[in-house]
Amino acid sequence: MGGGAVGFVTDGALAAVDCKTMAAVGLHGKGSMFGWEMALTSTPRPVRRLALIDARWIEIDGEALASLMGQTWIEHIFARHALDRLSRLQAEAACNAVHQVPQRAANWIRRLHHIAGPELRTTQASLAEAMGVQRTSVNAAVKALERDGALCVSRGRLTVIDPARLRRFACG
């Protein structure tokens with residue numbers, strides 16, 4: 001068992017950012033679990049959590065959780081989520097490789113909308129950090145979405161007005 005923590009998101013959304021490559025490796029919304037791979041490996045790779053929308057979560061030491069629930073249970077849960085997580089990571093990597101910032105930003109906003117509803121209390125700087133791009137690039141993308149009628153933008157808040165337009169703009 002590794003030394004990492006297993007986390008449970010109780011509200012909002014977190015981006016998981018790999019500390020070595022500074023690339024987003026996941027988006028965790030309310031009800032999500034994270035850190036299984038850190039808890040199960042002997043050499044955990046540090047991942048930083050970036051709160052995107054008023055996020056709250058709890059973390060439990062992986063070894064303490066395994067002791068409480070049993071190593072077999074932890075491995076079973078990890079195995080159930082491993083294929084889903086792998087396919088999400090592959091999709092994220094493909095998106096980063098072939099899509100420009102506007103489509104990627106729209107996709108992140110679409111995913112956050114799915115988690116939190118139409119009003120997203122987040123900043124363009126947080127989105128840029130999660131995406132690993134400059135804030136000015138996200139700003140331009142958000143302004144284009146606002147001009148198109150998909151979003152309404154105000155300080156620290158993005159409101160999705162037309163999810164269908166947002167979906168058409170996103171890379172999917």
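The paragraphs below go through a pocket, a helix and a set of paired strands in a predicted model. Local features are given where pLDDT is at least 70, side-chain atom pairs count only at pLDDT 80 or more, and totals for chains, interfaces and linings use all residues. Residues are numbered from 1 along each chain as its sequence is written, and side-chain values use heavy atoms, with hydrogens and water left out.

The largest pocket has a volume of about 670 Å³. Of the 30 residues that line this pocket, Gly26, Leu27, Asp84, Arg88 and Arg111 are the closest to its centre. A pocket here is an open set of points on a 1 Å grid over the protein atoms alone, where a 1.4 Å probe fits, with protein on both sides within 12 Å along at least five of seven lines; lining residues have an atom within 4 Å of a point. The volume is the space filled by probe spheres set on the points, which are joined across faces, edges and corners.

Strands S2 and S3 (33-34) and helices H1 (36-40), H3 (71-98) and H4 (101-116) each supply at least two residues of the lining. Helices (H or I, at least four residues) and strands (E, at least two) are DSSP runs, numbered from the N terminus. H3 gives the largest share of the lining, 11 residues. By type, the lining divides into 12 nonpolar, 11 polar and seven charged residues. Ala, Val, Leu, Ile, Met, Phe, Trp, Tyr, Cys and Pro count as nonpolar, Asp, Glu, Lys and Arg as charged, and the others, Gly among them, as polar.

S2 (residues 24-29) also contains His28, which is buried at a relative accessible area of 6%. Buried means under 20% relative accessible area (1.4 Å probe, protein chains only). Beyond its neighbours within four places in sequence, His28 is in contact (heavy atoms within 4.5 Å) with residues including Val9, Leu14, Phe34 and Arg49.

Helix H5 (residues 124-131) is largely enclosed by the rest of the structure, because six of its eight residues are buried. One of these is Ser126, with 15% relative accessibility. Leaving out residues up to four places away in sequence, Ser126 touches Leu50, Ala51 and Leu52. Just after H5, Gly132 takes a positive phi of about 75°.

Strand S7 (residues 157-160) has Leu158 and Val160 on its covered face and Arg157 and Thr159 on the uncovered one. S7 runs antiparallel to S5 (residues 119-120), joined by two bridges, and Leu158 is the bridge partner of Leu120. Four bridges join S7 to S6 (residues 151-154), also antiparallel, with Val160 opposite Leu151. Strands pair if DSSP finds at least two bridges between them. The hairpin of S6 and S7 has two residues between the strands, and in this hairpin Gly156 takes a positive phi near 70°.

Methods. Buried means under 20% relative accessible area, exposed over 50%, partly exposed in between (1.4 Å probe, protein chains only).
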